[in-house]
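Hello,

Here is the structure for you to look over. My notes follow below it.

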Amino acid sequence: TSGKRIRVISIQAWLNGVSQDSVECYFGTGAGIGTNTGNAIFRGRVDDVASAIHQGWPDGAGPLGAVDAVLSVLKTTAVASESATWALQYREE
């Protein structure tokens, strides 16, 4: 919602493909975490096909974006036959 901030409560990523890969989540639409560490929320490696990685924070302690900040997710390697599925819990503040 315009004028609100996003507080991340938990994030989970699954790979839908045939290999391992890194996944990341960050505030903003620019480069990923490796280039802009100040906007980082989460980075992890999914080791198995159909396995997941999860990060959660205690109530009120999760990352908080700036007003009107965009939340971006990234699967590090772009492979046409693979994708990632994300589940994100958040609240607006």
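**Contacts, sheet and core**

Leaving aside neighbours within four places in sequence, Ile 6 is in contact (heavy atoms within 4.5 Å) with Phe 27, Pro 63, Leu 64, Gly 65, Ala 69, Leu 71, Tyr 90 and Arg 91.

This is a predicted model, in which local features need pLDDT of at least 70 and side-chain atom pairs count only at pLDDT 80 or more, while totals for chains, interfaces and linings use all residues. Residues are numbered from 1 along each chain as its sequence is written, and side-chain values use heavy atoms, with hydrogens and water left out.

Ile 6 also belongs to the largest nonpolar core, which has 12 residues, among them Val 8, Val 23, Phe 27 and Phe 42. Such a core is a set of buried Ala, Val, Leu, Ile, Met, Phe, Trp, Tyr and Cys residues joined through side-chain atoms within 4.5 Å; buried means under 20% relative accessible area, with a 1.4 Å probe and protein chains only. Strand S1 (6-16) gives the largest share of this core, 5 residues. Strands here are DSSP runs of E, at least two residues, numbered from the N terminus.

Three strands form an open antiparallel sheet in the order S3-S2-S5; strands pair if DSSP finds at least two bridges between them. S3 (40-46) and S5 (71-75) are at the edges with a single partner strand each, so one side of each has no neighbour in the sheet. S2 and S5 are joined by 5 bridges, and Val 23 stands opposite Lys 75 in S5.

Ser 22 lies in S2 (residues 21-27) and counts as buried because its relative accessibility is 18%.

Regards

Note on methods:
Helix = DSSP H or I, 4+ residues; strand = E, 2+ residues; numbered from the N terminus. Buried < 20%, exposed > 50% of the residue type's maximum accessible area, 1.4 Å probe, protein only.
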